[in-house]
Amino acid sequence: MNLTIENITKRFGDKEVLNINRYDIHSGEIIGLLGNNGAGKTTLFRILLDLLHADSGTTTIHGILPDGSHVSFDTARSEDWKRYTGAFIDSGFLIDFLTPEEYFSFIAKVNNIDSQTLSQRLKLFEGFMNGEVLGRNVLIRNLSMGNQQKVGIIGAMLNNPQLLILDEPFNFLDPSSQLAMKYLLENYNKETGATIIVSSHNLTHTFDICTRATLLEHGRILKDYQKDYATLTTEIEEYFKWNAF
Amino acid sequence: MTLSQARIFYRLISHHQHLHAHRHPMFEKNMFVKAFSYIFIGFWAVYLMMLGFFVYEMFSQSAIEAFDVVDGYMIFLLAIDFFLRFGMQETPAQDVHSYKLMPIPIRFLLDVFLVRMGLSIYNFFWFFFLLPFGLLAVVKFYGFVGLLSYLLGWWLLFVINSMWYLICRTFVNRNVYFLIVPILIYAALIYMGLFYDSSHAWLFDVGVWIGRLFVERNPLMYVITFALIVPLYAINRKLQYISVYTEISRKDRVHKYKSQHYALLNRLGTIGEYLKIEIRSIIRNSVVRKQFLSGFYCMLAFCIIFAFTGVYDDMPMMKIYICVYCFSCLSIMTLTVVLCAEGNYIDGLMARKESILSLLKAKYYFNCFMMIVPFLITLFPIVKGKLTIAEALGCAFFTSGVVMPFLFQLAAYNDSAINLNARITKSGRSTKTQIIFSSFALFLPMFIMYTMVTLLGEDIAAVCMISIGIIGTILHPLWLRNIYHRFMRRRYTIMDGFRNSR
């Protein structure tokens, strides 16, 4: 799935939090969205997912589906794109009084995934869950933050979305789960050709998986890097160092 | 702590309480509610003043003095005052929570909150009644000084009542079933003291005696009353202190949940999944459960009064009106906050196509299903011939086809999430729209009933209710979709409100 953002602006009161003239994301890319707190990453995600109203501009999801048909959706005007999109931003995506099994089953049913397929898909996440999520008979809200994060991410990926949006997916995860997460995203991208957008403060992980990195500052795109590990690490680390001192 | 420090802290905390009210996310939205509550208080003030004059007039010619009559039945006034406090007064433990890590002794904080509670303007509320009444009934015998001492005595009684309320409220916060204790105490006092022995209503005599001692400025009476406040204050101080630490140190017990699959609901496809969510939300979220149970018990109370007593037998309009309430009470109490629980995970729902529409449908079917309970109970009056089956069906369909569509409109306006499992709960704040819609849901049936029963008679009114109700019920996919479209038009405002309030 391709994503086109045109003339998106957003203000909270007097403060401009987002101002992007044009930003194109191409099918199959893994985008790393980088920036300090307040750079506008989550705001951008919320606008992309039609969870927040942009003051101006449009976001369009378009591309060719696996069945060969061509689709194009303005995210604010249609709901059809939701079928091809998976997202996890924060706990507001989790129905936390369900057990993980009930939550996955709910997502599967509303996406017309039968229980056999669900079991098969959940098997793919066994390593990532590391035996701490399923079969414990506890509610999502009683899981640790890391395991809640895992439930949210798996929930976002269950319907094999063509566009996957994850906000800070490495947060709360232990080192093993962070590595599993990286493997999972890279593998998913290779197998399905899906477009993945992740925001993260973890530069190493982001550099490792992304094919392109975009640096946001005060709601504007400061720089857009195609993957070139040397440039990425040097320039972006320089940027954050300069900001820190 | 020095006296000047105590004074500074007292002012600071008072200021914080003021800010807390004014900077609450719902404050702006609640300007209407504020205006509404001023009008409401104004109405009651005028009503109580009129009542003061009326009660004096009624007993001015009786063998005993009017103020003796009021004092004799003081238990009723104190009982009403006690139960009204549940909607107005919080426990200090809820306020102390914010200061627990500050270098201010918790006992001092509790003192501040308890003193503020004692001096609360609410303890003067009944003066709207007592002042005009006292001016007419007391002044002519004891002068203005007598009136002042009379009012001072009553104020002390209300302070005692507020302390007693606080003890009960603390236990009710832990378990709602504790509410039965004050209910039983007041009921037992009223029955044993006023009705058990018709020749000697000892509670009446005690009330008269207390009132007389106040009005005659008996210092011992004031000392005794004050002496009652002191241990109640001490008990509250201790209880609130324990309560603060119980709340802070309490760990959520992690229950093991064996998933119920609700296989029957699987046949309903996507709607069935949302029905499962609805049922699990009620079972697993304490706030949602309390809301549901309050509505359910209210519904049961209406049904039992209607089915097994003869209170409304001679009033045809009231009979059908109360019958409608038997069916709609639960919906009115739960649907006023429709989608407010879902506000906690609204982003997840909005990430899926038309999930809100499916959720609304599930909620509608659930509420319709719950009408089985009042229907079964109303079979008793049907068998006894108090109610016709047409009237019962009319009330049921009127609820599903008229009252519910009305209440579901709130789905397009509610934008304040409720905390699903609040450890420390504050009284909920209703929004303007919630007040308007729930008021209409309460009074619209009365208006329609009145019009129909007066113009058409009971039987034709029942047929009309069935017809209107069936049309509304059959058309539910249409009006639910309409609500959904309006929800989608306002979605950004609604989602923003949910995020700010959770």
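This is a predicted model: local features need pLDDT of at least 70, side-chain atom pairs count only at pLDDT 80 or more; totals for chains, interfaces and linings use all residues.
**View 1. The contact between chain A and chain B.** Chain A brings 26 residues to this contact, and chain B brings 26 residues. On the side of chain A that touches chain B, helix α2 of chain A (residues 100–110) supplies the largest share, with five residues. By residue type, that side of chain A has 14 nonpolar residues, five polar and seven charged.

**View 2. Two domains of chain B.** Domain 1 of chain B is built from two segments, 3–14 and 39–249. Domain 2 of chain B covers 264–501. Taken over C-alpha atoms, the centres of domain 1 and domain 2 of chain B are 36 Å apart.

**View 3. Helix α13 of chain B crossing helix α17 of chain B.** Helix α13(B) spans residues 269–284, and helix α17(B) spans residues 355–370. Their axes come within 8 Å. The crossing angle is roughly 65°. Angles from 65 to 115 degrees count as roughly perpendicular, so α13(B) is roughly perpendicular to α17(B). The crossing of the two helices is right-handed. From α13(B), the contact uses B:Thr270, B:Ile271, B:Tyr274, B:Leu275 and B:Glu278. From α17(B), the contact uses B:Ser358, B:Leu359, B:Lys361, B:Ala362, B:Lys363, B:Tyr365 and B:Phe366. Seven residues of this helix contact are nonpolar, two are polar and three are charged.

Notes. Residues are numbered from 1 along each chain as its sequence is written. Chains are lettered from A and ligands numbered from 1 in the order in which they are written. Two residues are in contact if their C-beta atoms, placed from the backbone, lie within 7 Å. Helices (H or I, at least four residues) and strands (E, at least two) are DSSP runs, numbered from the N terminus. Ala, Val, Leu, Ile, Met, Phe, Trp, Tyr, Cys and Pro count as nonpolar, Asp, Glu, Lys and Arg as charged, and the others, Gly among them, as polar. Axes are lines fitted to C-alpha atoms, for helices over the stretch in contact, and angles run from 0 to 180 degrees between N-to-C directions. Angles under 35 degrees count as roughly parallel, over 145 as roughly antiparallel, 65 to 115 as roughly perpendicular and the rest as oblique. A crossing is left-handed if the near helix is turned anticlockwise from the far one by less than a right angle, and right-handed if clockwise. Domain bounds come from an automatic or database domain assignment.
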